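Reader: I'm new to looking at protein structures. Could you help me read some features step by step?
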Amino acid sequence: MAVVVQKEEEEKEKSMMVDYVNVAMGKNSSQSSTGWSGYSSRAVDGKTSGRYNDGSCTHCNNEGVMWWEVDLETVYDIDHIEIYGRTDCCSSRIQGAKLWIGNNLCKTLTDMGAAQVETVKCDNPSHSVGRTVRIEVLDYLTLCEVKVFTKIEYEIQAAATETPKVHRGQQVGDYTNVALNKPATQSSTNHNGWASRGVDGYTNTAWNSKTCTYSQNGELNYWEVDLGRVYNIDHIMIYSRSDSSQNYLNGAKVKIGSNTCQLLADMEKTNMARVDCDGDATKRTGQIVRVELWGTTITLCEVQVLVASDGGLPEVGEVIATVDYTHLGEKVDDFFNVAMGKSASASSEPWNGKASRAIDGTTNQNWNKGSCSHTNRKGNEYWMVDLGRVYQIDHIRVWSRTDAHTDVSPELRCGWGTTDAEHWQPRPMQATRRSSALR
């Protein structure tokens, strides 16, 4: 009987034992560039020597954000990662490097010093599931080995068969940055200041760090990121440049969906701005976050779109329980401007005074700012917007020019479905130097 009990205890103890397997060794790897024959495959060759002359360490050039990545070929729930650095020199180069698992920022690395190896567990356990492991830094990147360990329990042989946790983005305090590495676009690109730099996870504010965007100087300049779905946004952090051009974002409009959230003030002293739509939660729901500015180059270094992490994010397949106000248009006090961004037309458009300028959300009344429409003066000229559906309109606000032609008194007509006169009701508009509200 004692022998049977002892055997059962041994089997129970064995079932509770945990071993780990390195799932990175020999897998396909890649890196941003290769210098001094430091091929990416050296970091998954099983050799941990920290001496570069032993031929087992990688090496990237120093060209902005440098990265190394390994494809594990399937999704793993990763327990920990061992990273081996150089021991003959340059151990400090790894300091500040970002370790990614899939789309999630796992941890920021420190200087290994003489220890050579750093064992890493993600700051947030939900960020430890993924197929790729990536390390990136703003310096030369040299790695001598990267071991990615997952548990193999005697009762559960394949950790890869476990259900992956949802990818949630970058943890920032009590919030999650859902903009990180999402698709970003801009009106134009200048000096290689790509739009993607605005969501690369780096808040460095110096242009030479190669982490800031830069657009050309056109009429309407913009930068925007597509979050991939609608979110209830708590706030947005915007980082501007500190070396020069600090005031380039002064007066820029931050939009969430079709709603104008907030205007940016001068960030020269702080190089950052916290945007919360002046506390109006109805303006903070949307999928697209956009920064736009008339007549001035846009250059920004990072945009973090932050959502509350404590239950504010959906699991895989879950639909967020919220009202999407973005289809209603721009929120203005207690009303929605349903005209903004809709389809506009005019009888003529000389001097590049496109009809769309009158519903671009910019109320600047100076012609040289490029936000006013213009027609010829040949009789029966018109401007028109199609709201896309029938609305019960409360009132309409019209902004005219203040630099010239202030005596123009057009007639306002409202109608539906056709341009036939029987469906349109005229209403004279009083000439104004500022704006006119009609009911």
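This is a predicted model: local features need pLDDT of at least 70, side-chain atom pairs count only at pLDDT 80 or more; totals for chains, interfaces and linings use all residues.

Reader: How do I read a pair of aromatic rings?

Author: A pair of aromatic rings is described by how far apart the centres are and by the angle of the planes. Here the count comes to two aromatic pairs. In one of them, Trp36 and Tyr140 sit edge-to-face, at 6.1 Å centre to centre with 65° between the planes. This pair links distant parts of the chain, since Trp36 and Tyr140 are 104 residues apart. Tyr140 counts as partly exposed, at 26% relative accessibility.

Reader: Why is the pair of Trp207 and Tyr214 edge-to-face?

Author: Planes over 60 degrees apart count as edge-to-face. The planes of Trp207 and Tyr214 are at 75°, with ring centres 5.5 Å apart, so this pair is edge-to-face. Trp207 is buried, with a relative accessible area of 19%, and Tyr214 counts as buried at 13%.

Reader: What about a charged residue: which side chain of opposite charge is nearest to Asp200?

Author: That is Arg197, 6.1 Å away. A salt bridge needs the atoms within 4 Å, and Asp200, though buried, has no salt bridge. A polar atom of the Asp200 side chain does lie 2.9 Å from the backbone nitrogen of Tyr202.

Reader: And which residues touch the most other members of the largest nonpolar core?

Author: Ile236 and Ile238 do, in a core of 29 residues. Strand E12 gives the most to this core, with four residues.

Key. Residues are numbered from 1 along each chain as its sequence is written. Side-chain values use heavy atoms; hydrogens and water are left out. Buried means under 20% relative accessible area, exposed over 50%, partly exposed in between (1.4 Å probe, protein chains only). Lys and Arg count as positive and Asp and Glu as negative; His and the chain ends are not counted. A polar contact is a pair of N or O atoms within 3.5 Å; within protein, one must be able to donate a hydrogen and the other to accept it, and residues adjacent in sequence count only if both atoms are side-chain atoms. A nonpolar core is a set of buried Ala, Val, Leu, Ile, Met, Phe, Trp, Tyr and Cys residues joined through side-chain atoms within 4.5 Å. Helices (H or I, at least four residues) and strands (E, at least two) are DSSP runs, numbered from the N terminus. Rings of Phe, Tyr and Trp (its six-membered ring) pair if their centres lie within 6.5 Å; planes under 30 degrees apart count as stacked, over 60 as edge-to-face and the rest as tilted.
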